[in-house]
Amino acid sequence: MPRKAAVSSAKKSANSPIVSSAHLVSPRSAEMSEFEFGLIVAGNAFHRWIAHCMSAAGLKDLTPLDVLVLHHVTHRARDKRLADICFIMNVEDTHLINYSLKKLQGLGVVASSKNGKEVTYASTEEGQQYVQRYREIRETCLIDALKADDALNRDIGELARLLRVLSGVYDQAARAAASL
């Protein structure tokens with residue numbers, strides 16, 4: 001390739017969106033494809049992080065979903081119903097959450113109780129200890145490494161807000177696609 005063409009090609013690729021599926025890039029919003037690629041990469045990195053963090057805390061061989069379920073069941077020290085866990089985590093397939101709950105019960109970190117016909121789940125004292133150790137490791141390995149200042153924390157808060165908004169957009173798009 002002649003030098004001039006190589007420079008032109010380099011400039012063009014420097015301005016091209018970074019995406020996982022170029023065939024999906026819309027001329028009306030290339031940014032959405034960039035966002036989706038970032039979401040894929042960040043989601044996978046997050047899942048890898050939480051599984052490794054929980055493993056370092058002493059609970060090995062948990063899937064990312066298992067870790068998230070344990071954290072949610074521990075959240076605010078209130079018993080949770082399966083339907084509530086699925087709703088808060090935005091998981092439609094109750095079997096996935098139920099499988100994680102059974103696995104966590106088998107490890108002794110989650111317990112179930114029956115109140116009439118209602119089954120609820122809560123973390124055991126052992127589960128709470130693992131979650132506390134996870135928190136300590138998170139502070140050391142993630143929060144300290146982030147070196148967040150007020151401006152970065154504001155950006156992270158805005159990003160969290162935007163992700164919640166986009167979650168609703170994707171949910172609505174999924175409903176629309178399901179009706180086609």
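A polar contact is taken here as a pair of N or O atoms within 3.5 Å, where, within protein, one atom must be able to donate a hydrogen and the other to accept it, and where residues adjacent in sequence count only if both atoms are side-chain atoms. The structure is a predicted model, in which local features need pLDDT of at least 70 and side-chain atom pairs count only at pLDDT 80 or more, while totals for chains, interfaces and linings use all residues. Residues are numbered from 1 along each chain as its sequence is written, and side-chain values use heavy atoms, with hydrogens and water left out.

**Confidence**

The mean pLDDT (the predictor's confidence in each residue, from 0 to 100) of the protein is 92, and 92% of the residues reach 70 or more. Over residues 6-12 the pLDDT stays under 50, and for this stretch the model has 2 contacts (heavy atoms within 4.5 Å) beyond four places in sequence.

Helices (H or I, at least four residues) and strands (E, at least two) are DSSP runs, numbered from the N terminus. K80 is found in strand β1, and its side chain reaches the backbone oxygen of H72 at 3.3 Å. Because its relative accessibility is 9%, K80 counts as buried, a term that means under 20% relative accessible area, with exposed meaning over 50% and partly exposed in between (1.4 Å probe, protein chains only). Not counting residues up to four places away in sequence, K80 touches H72, V73, H75, I85, V119, T120 and Y121. Between the C-alpha atoms of K80 and A111, which are 31 residues apart along the chain, the separation is 11 Å.

**V69 and S100**

Within helix α3, V69 has 0% relative accessibility and therefore counts as buried. Leaving aside neighbours within four places in sequence, V69 is in contact with M89, I97, S100, L101 and L104. The C-alpha atoms of V69 and C86 are 17 residues apart along the chain and are separated by 9.3 Å. S100 lies in helix α5 and, again not counting residues up to four places away, touches L65 and D66 as well as V69.

The relative accessibilities of these and other residues are set out below.

| Residue | Relative accessibility | Class |
|---|---|---|
| D61 | 72% | exposed |
| V69 | 0% | buried |
| A77 | 72% | exposed |
| K80 | 9% | buried |
| S100 | 2% | buried |
| T124 | 19% | buried |

In soluble globular proteins, nonpolar side chains tend to be buried together. Beyond its neighbours within four places in sequence, V110 is in contact with L70, V73, L101, L104, Q105, Y121, A122, S123 and T124.

T124 is found in the loop between β3 (118-123) and α6 (125-146), and the T124 side chain reaches the backbone nitrogen of G127 at 3.1 Å. Apart from residues up to four places away in sequence, T124 touches G108, V109, V110 and A111.

**The largest pocket**

A pocket is, on a 1 Å grid over the protein atoms alone, an open set of points where a 1.4 Å probe fits, with protein on both sides within 12 Å along at least five of seven lines, and lining residues have an atom within 4 Å of a point. The largest pocket has a volume of about 1500 Å³, a volume being the space filled by probe spheres set on the points, which are joined across faces, edges and corners. The lining comprises 32 residues, of which L39, G43, F46, L68 and L163 lie nearest the pocket centre. Each of α2, α3, α4, α6 and α7 (150-178) supplies at least two residues of this lining.
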